[in-house]
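User: I have a chain open on my screen and would like to go through it step by step. Could you help me read it?

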Amino acid sequence: MHKQDYHQILQFSNYGIIATDKDGQITFVNKRAKEILRFGRKKVVGTHIWKHMPKTGELVAACLKTGKSQSGSQIFGRHVNLVVNINPIYERRKTKGAVCTFLTVEEFESVAKGLKSFSSLDKQFQTVYESSSDGIWIC
């Protein structure tokens, strides 16, 4: 795959994705991130993440300093509430930057409800299967 292929894959993710360099300057923003954060045509690449997302910027700073991921953090902002995951980007065992992936809290809750519903249905099928002594015919 070429660099353009990866760029296109990231652009069409259902998650908002923002990448920063080691100083916290934004190097990439996908379409979904722009929608969630209402960036519109505002130029954000080349600016510090703290300028646009102060609370997330604090988590990015911690990730850049320690090299440790920050998973499942809830950020309550002025315009939108997010569930954020932040992971370091390494190059030659040194932290080169960070990548933030996020969903709105509403999107996250919707996914969680779907998983809970699936789990419940799985338990029901398991109960039917375990309680049937004669077998099950599926037509």
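This is a predicted model: local features need pLDDT of at least 70, side-chain atom pairs count only at pLDDT 80 or more; totals for chains, interfaces and linings use all residues.

Analyst: Residues are numbered from 1 along each chain as its sequence is written, and side-chain values use heavy atoms, with hydrogens and water left out.

User: How many helices and strands does the chain have?

Analyst: The chain has 5 helices and 5 strands, taken as DSSP runs (H or I of at least four residues for helices, E of at least two for strands) and numbered from the N terminus. Along the sequence they follow the pattern α-β-β-α-α-α-β-β-β-α.

User: And which residues have the most contacts inside the largest nonpolar core?

Analyst: They are Ile18, Leu37, Leu82, Ile86 and Phe102, in a core of 22 residues. A nonpolar core is a set of buried Ala, Val, Leu, Ile, Met, Phe, Trp, Tyr and Cys residues joined through side-chain atoms within 4.5 Å, and buried means under 20% relative accessible area, with exposed over 50% and partly exposed in between (1.4 Å probe, protein chains only).

User: Which element gives the largest share of this core?

Analyst: Helix H4 (54-66) does, with 4 residues.

User: Switching topic, is Thr20 buried or exposed?

Analyst: Thr20, which lies in strand S1 (residues 16-21), counts as buried because its relative accessibility is 2%.

Analyst: Asn87 sits in strand S4 (residues 81-91) and is partly exposed, because its relative accessible area is 29%. The side chain of Asn87 makes a polar contact with the side chain of Ser69 at 2.6 Å; such a contact is a pair of N or O atoms within 3.5 Å, and within protein one must be able to donate a hydrogen and the other to accept it, with residues adjacent in sequence counting only if both atoms are side-chain atoms.

User: How far is Asn87 from Val99?

Analyst: Their C-alpha atoms are separated by 5.4 Å, although Asn87 and Val99 are 12 residues apart along the chain.
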